[in-house]
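I opened this entry to keep track of what I looked up in one chain.

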Amino acid sequence: MVQEGQRQGREKAVRWFQVKLWFVAVISIALLCACFIVSCIVTYHFTYGKTDKRLTELRSYHVSLTCFNEGTRVTGKNWGCCPSTWKSFGSSCYFISTEENIWSESEEICVHMGAHLVVINSKAEQNFIVQELNQSFSYFLGLSDPQKNDKWQWIDQTSYTENVKLWHRNEPNFKTERCASIVFWDGVWGWNNVHCDSKRYSICEMKKIYL
């Protein structure tokens, strides 16, 4: 009789242990599911949320956007969008101004459109841009020497020392010319330092929106 009671007691203990194991497992699964859901929400907020915000901002500057099916593997998204009147190359969109302004005003106009004066990062990028330029004009770049100490800086903080340099021969030269432009000389497009308060055309650049 005693042995039967002991056996039943052991069975109850085993069953209770199994119930506790199942309870712990269910709680753990529930917590994992909750973490997964929270992770998805956070990811959505920081990716699609930012994309939606940028799209809203661009639509406040531009009437319409044109999207290209690029199938980019880097972002995992297929569509790259630029304002309809802008040119697409790589991960950026470009706009060539139709009126002349001084360097600071040119940058303000670019910023007003959600962009900045162009930053040239490669010879291929420049080769694309110059196809859209008039060889009779000079165009401001997003490159300047604001401290007047021969330390040239790109407008987006790209490193000048580590970046490509495509100056014309013997440029930059005059110390009083603290802004950079791109100009067609002797059959070649290259950079030239000019006075910042001279009026020139300009090139704006913005990053594409990927969907």
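I took helices (H or I, at least four residues) and strands (E, at least two) as DSSP runs, numbered from the N terminus. On that basis I found 4 helices and 11 strands in the chain. The model is predicted, so I noted that local features need pLDDT of at least 70, side-chain atom pairs count only at pLDDT 80 or more, and totals for chains, interfaces and linings use all residues. Residues are numbered from 1 along each chain as its sequence is written, and side-chain values use heavy atoms, with hydrogens and water left out.

**Entry: whole chain**

I used buried for under 20% relative accessible area, exposed for over 50% and partly exposed for in between (1.4 Å probe, protein chains only). Of the 211 residues, 34% count as buried. For areas I used the Shrake-Rupley method with a 1.4 Å probe; for residues, only the protein chains shown count as cover. The accessible surface of the chain is about 13,600 Å², and carbon and sulfur atoms hold 58% of it. A contact means heavy atoms within 4.5 Å. Taking contacts between residues at least 6 apart in sequence, I found that 65% join residues at least 24 apart.

**Entry: disulfides**

I searched the whole structure for pairs of cysteine sulfur atoms within 2.5 Å. The search gave 4 disulfides. With bonded cysteines counted along the chain, their pattern is 1-2, 3-4, 5-8, 6-7.

Cys67 and Cys81 are one of the pairs, with sulfur atoms 1.9 Å apart. Cys67 is in strand β1 (residues 65-69) and Cys81 in strand β2 (residues 79-83), so this link ties together parts 14 residues apart in sequence. The torsion about its S-S bond is 100 degrees, and the link is right-handed. Cys67 is partly exposed at 33% relative accessible area, whereas Cys81 is buried at 2%.

Cys82 is joined to Cys93, S to S 2.0 Å. Cys82 lies in β2 and Cys93 in strand β4 (residues 92-96), so the parts tied here are 11 residues apart in sequence. This link is left-handed, with -80 degrees about the S-S bond. Cys82 is buried at 1% relative accessibility, and Cys93 is buried at 0%.

Cys110 and Cys204 form another disulfide, with 2.0 Å between the sulfur atoms. The pair links distant parts of the chain, helix α3 and strand β10, 94 residues apart.

**Entry: helix α3**

Which residues of α3 (residues 103-112) are buried? I listed Trp103, Ser106, Glu107 and Cys110. Just after α3, Gly114 has a positive phi of about 80 degrees.

**Entry: salt bridges**

I counted a salt bridge where a side-chain nitrogen of Lys or Arg is within 4 Å of a carboxyl oxygen of Asp or Glu. The structure holds 3 salt bridges. Asp145 meets Arg178 at 2.5 Å, N to O, and both residues are buried. Asp150 pairs with Lys175 at 2.9 Å and with Arg178 at 3.6 Å. Shared partners join Asp145, Asp150, Lys175 and Arg178 into one network.
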